[in-house]
Amino acid sequence: MSMSDDELQQWRTKYSSSRYQRHESNEQRNKNLNASSLHWQRQQFGGDVDEQLRRRLQASPAYVDRLEQETLLTGHEGCVNCLEWSTDGLLLASGSDDYKVMIWDPFRKRRIQTIHTKHLGNIFSVKFLPRHNNNIVATCGADKFIYVYDINHGNETLFTCNCHTMRAKRLATAPDSPYIFWSAGEDGSVLQLDMREPHRCRNSSDDAQSNSSGGGGGGVRLLSLCSQVEPTTEAKCLAINPRRTEYLAVGANDPYARVFDRRMLPDEAGTCVSYYAPGQLVKNISRNVVHESRTVTYLTFNNYNETELLVNMGCEHIYRYDLHNATPPKFYELPEYTASPTATDAETEPEPEDLAVNPAAVATPTITTTSNKKSTQKRRALPTSIEQHKKLGNEHLENGKLLAAVDEYSAALASYPKGEVLYLNRATALMRRGWFGDIYAALRDCHEALRLDPTYVKAHFRLARALLELHRPQEADKCLQELIQRFPSFANNHGVLMLHKDIREHRRQQESQHDQDHSQGQGHGHSHGQPGGSDQERTLIENGFTYLRLTDDEYALRRTAKDYKQRYVGHCNITTDIKEANYLGLNGEFIVAGSDDGNFYIWEGDTAKIRAVYRADSAIVNCVQPHPSICMLATSGIDHDIKIWSPCAPSAAERPNLVADVARYVEVNQEKMRTDPFELNTRNAYCFNN
């Protein structure tokens, strides 16, 4: 059915406004706000008629701000560990601890099929295979098996694989491959499976022999992280770039997201891979394979932007990577500077630090000189709206509301990225807050402030402080000495003298610890990773424990890991290793993820500000899956049901599941992540009935 120009304009006017139901009755309004009605309208008037309008409505702030639980889908008898929309968005598949896969029609709020799978362990992943008219689904689970079913004949398996020797955690598909799919298992293997070929399950040695001879056999072990990284490496998740399907992303039980060119696998796994990790985790890489609590629990490419990867990291935050423009982390690197007669008068903008300093968080004395006290010239004039954000941020900072302060500065920078004072103020708030990654994020802001204005003395000073907080005293000392050389009038400043004293003390402690470790290693006759040691050599570290060393290739790859574009803070991910994070909106306008506090979070994509938090489970939300084409979400977790969310709230103020005290939940979550989850609880302690 096609629309005339008048009809199209009428639909635009009616459905692009958040108040289009103003003059309708309650019954009419509820009907129009129902996600089924929205979906019907999209199909009735043709989604291809106005693709731009459809994209705008999918992540329209007016819709996102009225999300609320529309319906509850019940039927499972265990935790619901995985959800998957069909490509056209008409159906939703779910997998559970009850070993069943259920196919739902969320728009009619009913279950249309139940598959009693052959799994004997929790189902961790379910996928629709593309181009099969929503009829074929693949599953994998804790029993190590992978099955493929025709949902119309649920008792018969089309394909079976048990090549994994440990739990099979995730499946991935590509839109241009209706018969090929991929799996990741805790045995460290990534498999490529082809339904068209006879499959014989094999071990890794069989695969190696088959690959060397060019054999097929219906599947191939594309990658073994156990041989590439170290023997205990587990593959936790994987994703195929939907726009460039030759690229495969893999997450493991370490902080690194690995992106491979699968056309070069398995023979050239070490040369066709790029590593991505937050800079604060890359800063002090050791050759020793030590206990690592951080795990990549989920990763996904942006479906409409081939250059982005979103990573949810256990015991940490969510990170967004720009694959084409990412660079290794930068710690100490100052911009070019040419001295001028007025260089020391550059410090004229009053900073939040002049208002209040929390010595327990960041002991940073205020830098002041006679010259900048007397000067009345302002740094860079900010636009009026940006100045308002800065003023609110300063007020929040003064009152100790650090989350709100960071949000205000971030909102200002999203609209005005040329404000060096905004970067420095945000760095101040981050260093006082001190959550995971905050000090490194503050260091990044100092670099941006100095890039915009190399004469910014406070940014220079804060950079030196951040380097020291990141346990890089040599670079902190070098940075401070450069500050004194560039701005001699600050040589005897009280703040500079105090920081110099802290650096000397830190270096003394670091040297003392190094000497102690060295003497322990000699006393036990073990190597401490000195040059010349062989790959996988055991080395002694503190407390008498021995650990394997990384191979030279793996060590080199980790050192070249590229840094993030944006991070999203607030949720908690320490209890289960299947927690997701996804894009909401075709251009990543919003980011969504579940949390151990029973809520799911929505962040603004550009500012990383928390837009909303919703109560969605009695314990933990693991799955948050946005609909592929309309503003709609499906969530699940420990509860035995699935919740469907759509913009069905009459107004932004009428959302009963909306969490009001967001700051309290966020602060509690960050405190939880300070403890080691491996010591206090076992991953996946919930929902283990196998």
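**Charged pairs and nonpolar cores**

Guide: In this predicted model, Glu-554 forms a salt bridge with Arg-258, and their closest N and O atoms are 3.1 Å apart. The two partners come from distant parts of the chain, Glu-554 lying in helix H17 (residues 552-559) and Arg-258 in strand E16 (residues 257-261), 296 residues apart.

Visitor: Why is the pair of Glu-554 and Arg-258 called a salt bridge?
Guide: The term requires a side-chain nitrogen of Lys or Arg within 4 Å of a carboxyl oxygen of Asp or Glu; the closest N and O atoms of Glu-554 and Arg-258 are 3.1 Å apart, and therefore the pair qualifies.

Visitor: What makes Glu-554 count as buried or exposed?
Guide: Buried means under 20% relative accessible area; Glu-554 has 0% and so counts as buried, and Arg-258, also with a relative accessible area of 0%, is therefore buried as well.

Visitor: How many salt bridges does the structure hold?
Guide: There are 43 salt bridges, one of which pairs Asp-65 with Arg-611 at a closest N and O separation of 2.8 Å. Here Asp-65 sits in the loop between helix H5 (61-64) and strand E1 (68-74), whereas Arg-611 belongs to strand E27 (residues 610-615), 546 residues apart.

Visitor: How do you know whether Asp-65 is buried or partly exposed?
Guide: Buried would need a value under 20% and exposed one over 50%; Asp-65 has 21% relative accessibility and therefore counts as partly exposed, and Arg-611, with a relative accessible area of 29%, is partly exposed too.

Visitor: Which residues have the most contacts inside the largest nonpolar core?
Guide: They are Leu-299, Leu-309, Tyr-321, Leu-422, Leu-443 and Leu-463, in a core of 66 residues. Leaving aside residues up to four places away in sequence, Leu-422 touches Leu-382, Ile-386, Lys-390, Tyr-409, Ala-412, Leu-413 and Tyr-416. A second, separate core has 32 residues, among them Ala-184, Ala-277, Val-282 and Leu-550.

Note on methods. Residues numbered from 1 in each chain as written. Predicted model: local features only at pLDDT ≥ 70, side-chain atom pairs only at ≥ 80, totals over all residues. Heavy atoms only, no water. Core = buried A, V, L, I, M, F, W, Y, C linked by side-chain atoms within 4.5 Å. Buried < 20%, exposed > 50% of the residue type's maximum accessible area, 1.4 Å probe, protein only. Contact = heavy atoms within 4.5 Å. Helix = DSSP H or I, 4+ residues; strand = E, 2+ residues; numbered from the N terminus.
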